[in-house]
Amino acid sequence: RLIYLFTDQTVWSELALSMIHVFIPLMLQKPSANSKAKNNAKFLASRLSQWSMGDLQGLMDEAREIQMRLSQSAKRKEVSCHVAFTRLMLLGQVGKAVRLIDNNSDVRGVHKLTRNVKTVLASKHPDGKPAPREMKLVINAPE
């Protein structure tokens, strides 16, 4: 019906297009990251009945709750990745730790050495300073 309101060039055309942009993600949002198709269908039926009754506030509350759960899940995943990296490094498994970072990164492999990459690396690795005199070990060469 919303699409017809938009395509028929009625007074509701502009509002109908906005409602379509809200309606589709709102209706098709998965209730949880691991939900099955059967569960998704139940939630869709429930949301469609809420929509037809005009319960927009209930739909928005449900959407906010799902989004809050998803963001909390993403934060936990990030924390667990940090913990796993630290554990691997402490165990001396540097290769596995580096692979863990590579698997969670958008960039694969080695960066091309562009001017931008060089600048970023230089900012992360400041110039070295000479060691203090008392830190140097003086070794006399055998004659």
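Is Arg64 buried, exposed or partly exposed? At a relative accessibility of 49%, Arg64 counts as partly exposed, where buried means under 20% relative accessible area, exposed means over 50%, and partly exposed lies in between, with a 1.4 Å probe and protein chains only.

Before I go on, a word on the basis. This is a predicted model, in which local features need pLDDT of at least 70 and side-chain atom pairs count only at pLDDT 80 or more, while totals for chains, interfaces and linings use all residues. Residues are numbered from 1 along each chain as its sequence is written, and side-chain values use heavy atoms, with hydrogens and water left out. As for pLDDT, the predictor's confidence in each residue on a scale from 0 to 100, the chain has a mean of 79, and 87% of its residues reach 70 or more.

The secondary structure comes to six helices and zero strands, where helices (H or I, at least four residues) and strands (E, at least two) are DSSP runs numbered from the N terminus. Of the 143 residues in the chain, 14% are buried. If we take contact to mean heavy atoms within 4.5 Å, then among contacts between residues at least 6 apart in sequence, 29% join residues at least 24 apart.

Let me turn to the packing of two helices. Helix α2, residues 13–28, packs against helix α3, residues 37–53, at an angle of about 140°, with the axes 9 Å apart; the axes are lines fitted to C-alpha atoms, for helices over the stretch in contact, and angles run from 0 to 180 degrees between N-to-C directions. On the α2 side the contact is made by Met19, Phe23, Leu26, Met27 and Leu28, and on the α3 side by Leu44, Arg47, Leu48 and Trp51. Within α2, the buried residues are Ser13, Ala16, Ile20, Leu26 and Met27.

Arg47 counts as buried because its relative accessibility is 2%. Not counting residues up to four places away in sequence, Arg47 touches Leu26, Met27, Leu28, Gln29, Pro31, Leu59, Glu62 and Ile66.

A search of the whole structure finds two salt bridges, each being a side-chain nitrogen of Lys or Arg within 4 Å of a carboxyl oxygen of Asp or Glu. In one of them the side chains of Arg47 and Glu62 meet at 3.1 Å, N to O, and this pair links distant parts of the chain, with Arg47 in helix α3 and Glu62 in helix α4, residues 56–90, 15 residues apart. Both Arg47 and Glu62 are buried.

In another salt bridge, the side chains of Asp61 and Arg64 meet at 3.4 Å, N to O. Asp61 and Arg64 both lie in helix α4, three residues apart, which is about one turn of the helix. Asp61 counts as partly exposed because its relative accessible area is 40%.

I will end with Leu59, which also lies in helix α4 and counts as buried, at 2% relative accessibility. Leaving aside neighbours within four places in sequence, Leu59 is in contact with Leu26, Met27, Arg47, Gln50 and Trp51. The C-alpha atoms of Leu59 and Leu26 are separated by 7.6 Å, although these residues are 33 apart along the chain.
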